[in-house]
Amino acid sequence: MCLAIPGRIVELLSERDNLALVEVAGIRRRIDVGLLQLDDAPHAGDWVLIHVGFAISKISEERAAEQMQILTLLGEQAAALEEISGYGLPETWEAGE
Amino acid sequence: MSSTLPKFAFLDPQIDMAHGAGGKATRRLIDDLLGPLLYGTDAPLLPDSARLEIAGSQVLATSDSFVVKPLRFPGGSIGSLAVHGTVNDLAVSGARAQALLVNLVLEAGTETAVLAAELESLSEAARAAGVKIVGGDTKVVEKGKADRMYISTFGIGVPIPGLDPSPYRVRPGDRVLISGPVGDHGITILLARGDLDFEADLCSDSRSVLPLVEALAFVEVGVRWMRDPTRGGVATALNELAGDTGLGIVLRDDDIPLRDAVRSACELLGLDPLHIASEGQFLAVIAAEHAEAALGVLRRTPGGADSRIIGEVREQPSGTVLVANSYGSSRVVDMLVGDPLPRIC
Amino acid sequence: MRFVDEFRDSALVAGAIREIHRLADPRRHYRLMEVCGGHTHSIYRFGLHELLPSNVELVHGPGCPVCVLPMGRIDDALSIAGQPGVIVCGFGDLMRVPGKQGTPLQWRSRGADIRIVYSPSDALQLALANLEKQVVFFAIGFETTAPSTALTLMRAKQEGVQNFSVFSNHVTILSAMRAVLDSPDMRIDGFIGPGHVSTVIGCEPYEWIARQESKPIVIAGFEPLDILQSIIMLLRQLNVGESRVENQYRRAVPQRGNRAALQAMADVFELRTYFEWRGLGFIAQSALGIRESYAPWNAERRFNVPGIRITDPKSAQCGEVLKGVLKPPQCKLFGKECTPELPVGALMVSSEGSCAAYYQYEYRKTRIAARV
């Protein structure tokens, strides 16, 4: 129940049937977007998580970008801390989120 | 006079689809039943083709059966597949196919137009591959007893000078090469069946690999072993090599060529591309000092531009294929057990 | 692939690993359970467990819907498939699960009409295309999948489809987690929470784990960086004695969940009083049955199913492995009587069941001398 893959809505096909054409790098399928209707109606260009032929959630590009920033900083801080740990300074400083 | 049948170790009470899938169950069928009963109890390593000496000349012979649904698919059909599969089996055994015998088992009720289309595919593929179709047998069975048609072939070829592939020649340190992206055929067929309702910019890679194999023969590149990764994919082919030699093989995940559509389909369906069939590629194990040269030769040959070195042979882990990633960790990749099945978990 | 590749970046993975090594207190041993089978699969596929310090241990939890499906339910589905004029369809995950008389694939090779579908809506399409047959969808999965089955049933009812029904085996993830936490041998310090289930149920249902059980839980995505970042977040909490619910998978998981999905599930399903979980026994209020208002589309009403309980041999220790009490190789049958080719318990059958995953990815490596 965990396999869900990000895909992009290419176009909305049928409002009555809640179908959209979704693309994942080189593959296309009609996906039921009925589960997105209440909270956040789907539009062409939106990114969604696809699970068993249904879109179960939208993917927020801003939050993904935020996460990437955190992960990048994490890597840099970890490297920096490794460097300065050689100076014998106490590691009481925690990297904030 | 009493006859004693050799005992066989095959314990499955009946034949199931898994026995035909090309993975572990197939191996058991061959090793534990066909081996003792057909080939003699000391069954040698069974190569793709048999090397025979007939009236002082060396020939190689191979046989194959083609059962594919749907009959026609993007990039090919059962007819062209039958030619390419046979030619390729001979090619990776180091032989140039000269002649094919083609047997047809036809389901009553099949439209003539359908048969004619396949005969044309067969004929065209044979012409392009430089091989003659010299005969064969045709049978018709009742409706429901064959999925429209089954094709089996017998191919005969002559050794290509400079090539003598065998698992026994493989050594630790040798490199593993692939002639191009993997899995195109298997995913195309899966999608062509229509059950999954996916559309893709993808077609089968079905083609003769003979020109690429011959290119390797002309240069002193120390080809140790070759195999076409059909049913069961790259993983099964290399596991067979690892099993036959007791050596280990380590592949680099990032170096395995994959088309986007194959990659996406595998991610969506939870499949491992290393288990998916290709019908127009081959694996070659080349001595380390010649690997770059071999790669260069392949890349300069039409159809070989996407060739890559994907891994190497090692002493350890014995009999096992590992895939290493760029994080510094690895996973074992095994032979396929049965057909690759989509999963949702 | 966008939103996939960036979360697999090796430089960022190296950074996350360094941070985990820095955070892991050498005087402690951390046991973190990933609940969801999909996480187990990711961990093995990318070898993440090999990159962690030896005092950070990942324990595989019971979030594998195939693994917890009792054998008797497979037999029920196969008995339906054995009836004339019936097509049973299900996900590929089910096809090799053994019932008493064989797997769905084996029944298919003996003539039963059993088909693999990617989506429950494909099953409904099959019914519309085969009006003279009865089409039954063998539904499994946690809350990630149940809403899709629900929408499909709603459509079937709306269109008055007469020849379609669902054999529901949907179960709820929190019941599985409760079973783990109730186990007396349980020694889990924190949870890597099921990211896709949470897109449906949101983050609030996990609060009791943090408050009452005092265990931190981080709702995690499935790519390597998601899992590693979640481990970082758990270690940070554990190091200062916190227990909170955190959402690592913010790009996909809304705090409140998915209203349409929850509503569809509420319309169509109700909690069964009891349901048996393989390896865990009967658990109250843990599974989804089809409501009376959808009775005509409930396969258990349309067909008589044997409903026979088949217990696993006592020697199979699936329950303990499911709860993280035992590691797969500690089960007496592991690798001997119970292998992926001849599975005794379902943890060996499903490819992301703990035992199958361990056997496939780890066992062969630990049996041989050298490492890469």
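**Chain C and its neighbours in a predicted model**

Tutor: In this predicted model, 42 residues of chain C are in contact with 31 residues of chain B.

Student: Which elements of chain C give two or more residues to the side that touches chain B?

Tutor: They are α1, α2 (37-45), α3 (48-51), α5 (104-109), β4 (114-116) and α15 (354-366) of chain C.

Student: And how do the residues on that side divide into nonpolar, polar and charged?

Tutor: On the side of chain C that touches chain B, 20 residues are nonpolar, 12 are polar and 10 are charged.

Student: Let us turn to chain C as a whole. How many helices and strands does chain C have?

Tutor: Its secondary structure comes to 15 helices and 13 strands. The radius of gyration of chain C is 21 Å, close to the 21 Å that the globule rule gives for 372 residues, so chain C is as compact as a globular protein of that length. Along the principal axes, its C-alpha atoms fill a box of roughly 65 × 45 × 40 Å.

Student: What percentage of the residues of chain C count as buried?

Tutor: Of the 372 residues, 58% count as buried. As for contacts in chain C between residues at least 6 apart in sequence, 77% of them join residues at least 24 apart.

Student: Back to α1 of chain C. At what angle do the axes of α1(C) and α11(C) cross?

Tutor: The axes of α1 (residues 10-23) and α11 (residues 224-239) of chain C cross at roughly 20 degrees and come within 10 Å. With angles under 35 degrees counted as roughly parallel, α1(C) and α11(C) are therefore roughly parallel to each other. The crossing in which α1(C) passes α11(C) is left-handed.

Student: Which residues meet there?

Tutor: From α1(C), the residues are Leu12(C), Val13(C), Ala16(C), Ile17(C), Glu19(C), Ile20(C) and Leu23(C). Among those they meet in α11(C) are Leu225(C), Leu228(C), Ile231(C), Ile232(C) and Arg236(C). The residues of this contact of α1(C) with α11(C) divide into 12 nonpolar, 2 polar and 2 charged.

Student: What about α6(C) and α7(C): how do they pack?

Tutor: Helix α6 (residues 120-129) and helix α7 (residues 146-158) of chain C pack at an angle of about 25 degrees, with their axes 8 Å apart. These two helices, α6(C) and α7(C), are therefore also roughly parallel to each other. Pro120(C), Ser121(C) and Leu124(C) of α6(C) make the contact with Ser148(C), Thr149(C), Thr152(C), Arg155(C) and Ala156(C) of α7(C). The residues of the contact of α6(C) with α7(C) divide into 3 nonpolar, 4 polar and 1 charged.

Student: Is Gln285(C) buried, exposed or partly exposed?

Tutor: Gln285(C) is partly exposed, with 14 other C-beta atoms within 10 Å. In chain A, Val52(A) has a positive phi of about 40 degrees although it is not a glycine. Val52(A) lies in the loop between β4 (47-51) and β5 (54-58) of chain A. Val52(A) is buried, with 25 other C-beta atoms within 10 Å.

Student: And in chain B, what is the peptide bond from Lys69(B) to Pro70(B)?

Tutor: That bond from Lys69(B) to Pro70(B) is cis, with omega near 5 degrees, and Pro70(B) is in the loop between β2 (57-66) and β3 (72-73) of chain B. Gln316(B) and Pro317(B) are also joined by a cis peptide bond, with omega about 0 degrees.

Terms used:
Residues numbered from 1 in each chain as written. Chains lettered and ligands numbered in written order. Predicted model: local features only at pLDDT ≥ 70, side-chain atom pairs only at ≥ 80, totals over all residues. Axes fitted to C-alpha atoms, helices over the stretch in contact; angles between N-to-C directions. Helix = DSSP H or I, 4+ residues; strand = E, 2+ residues; numbered from the N terminus. Parallel < 35°, antiparallel > 145°, perpendicular 65-115°, else oblique. Left-handed = near helix turned anticlockwise from the far one by under 90°. Contact = placed C-beta atoms within 7 Å. Nonpolar A, V, L, I, M, F, W, Y, C, P; charged D, E, K, R; others polar. Rg over C-alpha atoms; globule rule 2.2 N^0.38 Å. Buried ≥ 20, exposed ≤ 12 C-beta atoms within 10 Å, placed from the backbone.
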